Amino acid sequence: MKLKKCSKHAFNMVLHSKLRSWLTITGIVIGVAAVIAIVSIGDGMQQTLNAQLNTLGGDIVTISPGAERGGGMFGMRGGGGGGGSSGPQATTKEIVLGRSDLQALKGLSDIALIDTNIRGSVNISYFGKTGKVSVTGVDQKVWSQITTSTIQTGRTLDSADQNVIVIGGNLASSYFDQPIGINKMVTINSAAFRVVGILDDQTTSVYMPIQMAYQVIPDKTTDIYDTLVVKIKDQNQLDASISNIQDKLMISRHVTQNKMDFSVTSRKEMQQARAATMNSMSTFLLAIAAVSLIVGSIGIANTMFTSVLEKTKEIGIMKAIGARNQDILLIFLFNAAFIGLVGGILGIILGTMLSGFMPALMGGLPMARGTAIVTLNSITMALSVSVSVGILAGIIPAYQASKLKPVDALRYE
Amino acid sequence: MMETIMELQDVWKIYRMGEVEVPALKGISVKIKKGDFVAIIGASGSGKSTMMNLIGCLDIPSRGNIYLKSQDISSLGESDLASFRGRTIGFIFQQYNLIQSMSAFENVMLPLEFLEYNDQKAATRTREILTLVGLGDKMHHRPTQLSGGQQQRVSIARSLVSDPEIILADEPTGALDSVTGREVLDMLRRLWEEQGKTIIMVTHDLNLAKYAHTRIELKDGEILKISENNEVNKK
């Protein structure tokens, strides 16, 4: 029998056992929908990350005190804040970054700009209301060229600025009862600051000239930095530049590779670490979705076995009137593949709808922010998987059907 | 002298029931001539159904040989045997054995699909045959929408559609009333007389056997008697 005819008979079989076929198809729909939704969210997050990776300064390197990679974001100063520290060099207890490190880095040809940062938590007051926010003191001469934040309104910090700040979008719009506008005055730890710029983001961050930050953030010592943010000249030479920075700092800080008391992290590395975490999360979720697909395939096998039993007599009739073993095999395999295919198509539709809602549902998870993307790749994958699952599940029942002896099959009631 | 279309040589069919071997056919030897109308008759348990399965190439003998058009059927693989069967033998079953989910037209066309006929030719042939059996106006009815007699006529049409040389009918009137049964037998007779088909009819009913030219009587798995009814001749 020609393939076209086999598929026609198989399709008729699906149509004539409507309820059972649809129940089986439902199993596959759920499996495929879950896979599509999860893959699309994964793809969406990946694309968001890639976009961040491309725009958020792949040429930016952060140097922090302490050996922990990526640590020391808010300073890792031991010994009660180091208020009594007399100089930039590490004492026996304190590990800090200081002016000598800055000077050492300035001698490196790889580096285009260096921003010195300190961070701390401060009280902020506006129209009688008070809150607690994070303040970053930056070198206002270079900050605008290094930062990846963009200004929504107003301007960035200027080299002549003193008591001025740039604030995050959220702090400006909704942190206080009244929105903070440009040129409004806020009080930070008893000092008055004028807002000159509002960032295009959803944070409550405050940026101010580092000299002012030393005055308002408690327990900070002049010329001791929490982080040094470096913009390197050639992004393609990132690894070599990181290595040069490390070498230079090891010499200036008199430490060896094994006892390195600082860490040099690139944005790229941070994003990659994030991507890796996200990947393992996606894989885990995908594994769960795959389980439902396996359950679906067992459903197909079950339906096919029942169908072979139910159609034993028909198989006998077909064989008596000239059906070869391969004709019967193909009819049953096509039947299973159809169930897989219909399940796959409906699953893709449901999965696509689900993936539209998922980012909203997972809104609490910062990694899930972004759009879910259903790619042609995942559609092709889902369809081929669902059809293959159908065929695989159908192989044994179809083989069993094809091997039935016509005389036994005809006798079956 | 008429040529032999089928020959059974010392054919045994033995079924195994656990430890016990039960012979259903015991060394049957018979030649069936091309263009003959043969009735295989016998009481229940005489082995006639087993013999029909073997003649219809639905089963192979435990011992002995069956030659269909000089071809030893035991030497053919399952698929070759299926195609050979499809081309050479048309089956008419007692319970019609139509596929319920298919229309009369689809049921009749099915053997041609297995034989990979061209779609258009198959459809034309199917229409011709259904018209021939008087179901030209009921082609798209499903078996459940047809009477017993009509279903048996669909079954006859299906057996004829691939123009086989042998029509093998297993109790063809067993499920029909006497009037419809007679119509079916007349139809078989016309196929024998007008189209020169070899008709092999298996029945327990001696009255039906009267329609046949040659009678093979079975008892306990052996041939009791082969006789020719000279009153039944082609006109």
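Guide: Two strands count as a pair if DSSP finds at least two bridges between them. The model discussed here is predicted.

Visitor: What makes β1 and β4 of chain B a pair?

Guide: Strand β1 (residues 4-17) of chain B is joined to strand β4 (residues 63-68) of chain B by five bridges. At least two are required, so the two strands pair. Their sense is antiparallel. In β4(B), B:Arg63 is the bridge partner of B:Trp12.

Visitor: What is the order of the six-stranded open sheet of chain B?

Guide: The order is β6-β7-β8-β3-β9-β10, and the pairing is mixed. Its edges are β6 (89-92) and β10 (222-228) of chain B; each has a single partner strand, so one side of each is left without a neighbour in the sheet. On average, neighbouring strands of this sheet are turned by 15° against each other, direction ignored.

Visitor: How do you know that β6(B) pairs with β7 (residues 166-170) of chain B?

Guide: Four bridges join these two strands, which run parallel. The requirement is at least two, so they count as a pair. In β7(B), the bridge partner of B:Phe91 is B:Leu168. Helix α5 (residues 148-160) of chain B packs on the sheet and touches β6 and β7 of chain B. The direction of this helix makes about 170° with that of β6(B).

Visitor: Why is α1 of chain B called mostly covered?

Guide: Seven of the eight residues of α1 (residues 48-55) of chain B are buried. They are B:Lys48, B:Thr50, B:Met51, B:Met52, B:Asn53, B:Leu54 and B:Ile55. After α1(B) comes B:Cys57, with a positive phi near 60°. Over chain B as a whole, 45% of the 235 residues count as buried.

Visitor: How many strands of chain A does β3 of chain A pair with in your account, and how do you know?

Guide: Take the partners in turn. β3 (residues 111-126) of chain A pairs with β11 (residues 227-232) of chain A over six bridges, with β4 (residues 129-138) of chain A over nine bridges, and with β7 (residues 185-188) of chain A over two bridges. The pairing with β7(A) has two bridges and the requirement is at least two, so β7(A) counts as a partner. The sense is antiparallel for β11(A), for β4(A) and for β7(A). A:Ile111 stands opposite A:Ile232 in β11(A). A:Ser125 stands opposite A:Thr130 in β4(A), and in β7(A) the bridge partner of A:Ser125 is A:Thr187. The hairpin of β3(A) and β4(A) has two residues between the strands, and A:Phe127 takes a positive phi near 50° there.

Visitor: Why are α3(A) and α7(A) described by the word they are, and at what angle do they pack?

Guide: Helix α3 (residues 99-106) and helix α7 (residues 238-252) of chain A pack at about 135°, with their axes 9 Å apart. The crossing is right-handed. In α3(A), A:Ser100, A:Asp101, A:Ala104 and A:Leu105 meet A:Ile245, A:Lys248, A:Leu249 and A:Ser252 in α7(A). This contact has four nonpolar, two polar and two charged residues.

Visitor: What makes A:Glu310 buried, exposed or in between?

Guide: A:Glu310 has 13 C-beta neighbours inside 10 Å. Exposed requires 12 or fewer and buried 20 or more, so A:Glu310 is partly exposed. A:Glu310 lies in helix α8 (residues 267-310) of chain A. From A:Glu310 to A:Tyr412 the distance is 9.5 Å, C-alpha to C-alpha, with the two 102 residues apart in sequence.

Visitor: How many residues of chain A are in contact with chain B?

Guide: 19 residues of chain A are in contact with 20 residues of chain B. On the side of chain A that touches chain B, the elements giving two or more residues are α1 (3-16), α9 (312-320), α10 (325-361) and α12 (406-411) of chain A. α9(A) gives the most, with four residues. The residues of that side divide into eight nonpolar, five polar and six charged.

Key. Residues numbered from 1 in each chain as written. Chains lettered and ligands numbered in written order. Predicted model: local features only at pLDDT ≥ 70, side-chain atom pairs only at ≥ 80, totals over all residues. Contact = placed C-beta atoms within 7 Å. Nonpolar A, V, L, I, M, F, W, Y, C, P; charged D, E, K, R; others polar. Axes fitted to C-alpha atoms, helices over the stretch in contact; angles between N-to-C directions. Left-handed = near helix turned anticlockwise from the far one by under 90°.
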